[in-house]
Amino acid sequence: MLRQLRARDPRGLGLTARSRRTAELGGGGETADVGFFTDSSICIGCKACEVACRQWNMVPDHPRFLANSYDNSGSLDADTWRHVAFVEQQTAHGFRWLMSSDVCKHCREAACLEVCPTGALFRSEFGTVVLQADVCNGCGYCVPACPFGVISRREGDGRAFKCTLCYDRLGQDMLPACAKACPTGSIGFGPAAEMERRARDRLERLRAEGVAGARLYGTADAGGEGVGGAASIFLLLDRPEIYGLPSEPETPARGLAEGWGAAAMAAGALVLGVVAAVVGGRR
Ligand code: SF4
Ligand code: SF4
């Protein structure tokens, strides 16, 4: 990481003035990469994050009656960049709500960005994955590439949209709108390393208090292995699938090496077969 930072700015800390200021928002400042720590154990399901995101980013609103929960947005898509899942769960002791605010994971190995042919998706100086709608040609390659089902094309528009991690606000030293609006502190934002430290401390504390189902999601060793880790990490109270999150997300590029290996072996076998047939035919 330090090498990477020095390559960006060989004179010193490796941070641009803007990203240094932003990294310091969270009190750390040792890295330009920022991220979220969403602690679902203190989410109250108010959906203030969804509304704040919609307002700031002028995302069109289509309230839905889903008839299966109090949720009225359903999932992340081009018109919902933050989504609070409402999970109603029967337990041995009765009934409980599980709530968690989901968002783009800003993967370290981002499949959406790898397949984008126009450069509409790019890695920002904050380590986040940003989509510039005015450069998107609506090809839709990024949609099936995302292992989390985060990104989609807007109906009636055709272009893809997703969370930008408030790129414009970060540039003005402002907190992301969703984190700013969260009344309980469930959505934490700051330097990525600091967010991970905070998540691990919180997990340790919950486990010590006997919350057996608590676990992290999105770190390089818990749910984020297949995408090189994520800038959006979560503390969940149950398995990821319960919240509608994939348990083993993987960027499709990781399967390519295996695929090319199998193709090379098949080609080798074919060549050997042809050679054997020619030699056998001459005898
Ligand atoms: S979660 Fe999906 S849309 Fe977000 S950075 Fe990762 S691959 Fe891209
Ligand atoms: S960071 Fe900004 S764009 Fe992303 S979910 Fe939060 S408010 Fe929306």
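Biologist: Which residues of α8 are buried?

Modeller: A residue is buried if 20 or more other C-beta atoms lie within 10 Å of its own, exposed if 12 or fewer, and partly exposed in between, with C-beta atoms placed from the backbone. In α8 the buried residues are A192, E194, M195, A199 and L203. An α-helix has 3.6 residues a turn, so residues three or four places apart point the same way. Among the elements covering the buried residues of α8 are β1 (34-39), β8 (187-191), β9 (215-217) and β10 (232-236). After α8 comes G210, with a positive phi near 90°.

Biologist: Why is L203 buried?

Modeller: L203 lies in α8, residues 192-208. L203 counts as buried because 20 other C-beta atoms are within 10 Å. Two residues are in contact if their C-beta atoms, placed from the backbone, lie within 7 Å. Leaving out residues up to four places away in sequence, L203 touches A214, L216 and L235. L203 and L235 are 32 residues apart along the chain, yet their C-alpha atoms are separated by 7.2 Å.

Biologist: Where is L245 placed?

Modeller: A loop between β10 and α9 (254-282) holds L245. L245 counts as buried because it has 20 C-beta neighbours inside 10 Å. Beyond four places in sequence, L245 touches Y217 and P240.

Biologist: How many residues are in the largest nonpolar core?

Modeller: In soluble globular proteins, nonpolar side chains tend to be buried together. A nonpolar core is a set of buried Ala, Val, Leu, Ile, Met, Phe, Trp, Tyr and Cys residues joined through C-beta atoms within 7 Å. Here the largest one has 63 residues, and those with the most contacts inside it include F36, C112 and V129. V129 touches C104, C107 and C112, among others.

Biologist: Which residues come nearest to ligand 2?

Modeller: A residue is near a molecule if its C-beta atom, placed from the backbone, lies within 6 Å of it. Of the 14 residues around ligand 2, C53, C163, C166, P176 and C178 come nearest. The largest share of that shell, four residues, comes from α3. Around ligand 1 there are 13 residues, of which C104, K105, C107, C112 and C146 come nearest.

Biologist: Where does pLDDT stay under 50?

Modeller: pLDDT is the predictor's confidence in each residue, from 0 to 100. The protein averages 86, and 84% of the residues score at least 70. Over residues 1-31, however, pLDDT stays under 50. Where pLDDT is low, the predicted coordinates should not be read in detail.

How values were computed: Residues numbered from 1 in each chain as written. Chains lettered and ligands numbered in written order. Predicted model: local features only at pLDDT ≥ 70, side-chain atom pairs only at ≥ 80, totals over all residues. Helix = DSSP H or I, 4+ residues; strand = E, 2+ residues; numbered from the N terminus.
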